[in-house]
Amino acid sequence: MEAAAAMEAGRKLAARHPHGRSRTAHNMSSSSLRKKSDAALVRKVPVAPLRPLLANLQEVFLATKLAVLFPAVPLAIAAQCFRFDQVWVFALSLLGLIPLAERVSFLTEQIALYTGPTVGGLLNATCGNATELIIALFALLKGKIEVVKCSLLGSVLSNLLLVLGTSLFCGGVVNLGARQPYDRNQSDVSTALLFLAVLCHSAPLLLRYAVAAGEHSVSATSASLDLSRACSFVMLASYVAYLFFQLKTHRQLFEPQEVDGGDAGDDDEEPALGFASALFWLALMTAVISVLSEYVVGTIEPTSQSWGLSVSFISIILLPIVGNAAEHAGAIIFALKNKLVPLSVLVAWIMGVQMDLDFKLLETGSLFMAVLVTAFTLQDGTSHYLKGILLLLCYIVIGACFFVARQPADQDVS
């Protein structure tokens, strides 16, 4: 049943709660990882006033299959406080971020059950990417522009190839003889947005080569910054238009398709937490994610030297896998993350950090090929395991490129 539930989540690009509440890839992945709480243990507590508090704690910390990783959170903090080797701090922080990212998705889902589809959709779109965004902001504060670029690019690549490929592969293996349809209208819209993102990322790179070739006499640095900021506004505007399209004008396109053997009652869900309680835990989890994210950013270079891996490989491959652990485990078919990149450029502008959208040739080429392969994979409206294998192999090839490309550990601004 758990495999079937994960597959059902993988077949839906988006879904709606039967009472009108929005469902997204993030909260479907959270649902697939949730465990049913054992209320009998709480009822045995002799002090009645403590039971609601214990039930709340049980729901937040134990009602997930990733609860076994929670001890890494205090261990990471202890390792930092007691000056352990920075590699230990990095590794423990990465492990601790995995359940925290999943719990943030769960808590935003709980809040969305009270706020309705519009506010809930905005909340899921924002907080669902909290881990990557917080890591990016701390990297910006430390002037680590290449880490920001690589981690956000890796988030896009992992969702397009690793998450989607895993979903198609697992779904195809579990349902070898069944037809697995999905709505092409949804994938076409997302693919168009991704191609717009590729254009916006390619423009600064093309401009730099045009200036180097003497075709234009402008300053390459200032022109690239100005163009990047303009493209960032364009991408954010497209994302706002996409939210309006999904949540308001064309909501019917994002309703789940009928699938043979599906159980309509699976989506009928009541809140497990109160609104105020979910809001409190969301704020607390976000604060802890901020602490661990700062540890990760501060120890990434010593870890790179100790492990013999480039910073680009760690940022593009390892960090996004941690940030998207909930989607990986829940076999989510698609998640559009490129909205974080333009936001980071504009935040860097406000902070006085000169970050542009020039992701260099290898990074931009990898993004273009990933979007192109994904577009061809989704064009016919059906899925099978071979498509998943091909996407996973593409991800392995891109990972190998960054593994062998041992560029200087840090090219960031001071």
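Does Lys360 count as buried, exposed or partly exposed, and at what relative accessibility? At 28% relative accessibility, Lys360 counts as partly exposed, where buried means under 20% relative accessible area, exposed means over 50%, and partly exposed lies in between (1.4 Å probe, protein chains only).

The structure is a predicted model, in which local features need pLDDT of at least 70 and side-chain atom pairs count only at pLDDT 80 or more, while totals for chains, interfaces and linings use all residues. Residues are numbered from 1 along each chain as its sequence is written, and side-chain values use heavy atoms, with hydrogens and water left out.

Lys360 is placed in helix H16 (residues 360-377); helices are DSSP runs of H or I with at least four residues, numbered from the N terminus. Although Lys360 is not a glycine, it has a positive phi of about 65 degrees. Arg83, also a residue other than glycine, has a positive phi near 60 degrees. Arg83 is found in the loop between H5 and H6, and it is exposed, with a relative accessible area of 74%.

**The helices on either side of that loop**

The axes of helix H5 (residues 72-81) and helix H6 (residues 86-115) come within 8 Å and cross at roughly 150 degrees. Such axes are lines fitted to C-alpha atoms over the stretch in contact, and the angles run from 0 to 180 degrees between N-to-C directions. H5 and H6 are therefore roughly antiparallel to each other, a term for angles over 145 degrees. Their crossing is left-handed, that is, the near helix is turned anticlockwise from the far one by less than a right angle.

H5 contributes Ala72, Val73, Leu75, Ala76, Ala79 and Gln80 to the contact, and H6 contributes Val89, Leu92, Ser93, Leu95, Gly96 and Leu100; contact means heavy atoms within 4.5 Å. These residues divide into 9 nonpolar, 3 polar and no charged. In this grouping Ala, Val, Leu, Ile, Met, Phe, Trp, Tyr, Cys and Pro count as nonpolar, Asp, Glu, Lys and Arg as charged, and the others, Gly among them, as polar.

**Cysteines**

| Residue | Relative accessible area | Class |
|---|---|---|
| Cys81 | 53% | exposed |
| Cys170 | 33% | partly exposed |
| Cys394 | 26% | partly exposed |

The count comes to 0 disulfides, a disulfide being a pair of cysteine sulfur atoms within 2.5 Å. Cys170 lies in helix H9 (residues 145-174). Cys170 and Gly388 are 218 residues apart in sequence and 7.9 Å apart in space, C-alpha to C-alpha.

Conventions. Helices (H or I, at least four residues) and strands (E, at least two) are DSSP runs, numbered from the N terminus. Angles under 35 degrees count as roughly parallel, over 145 as roughly antiparallel, 65 to 115 as roughly perpendicular and the rest as oblique.
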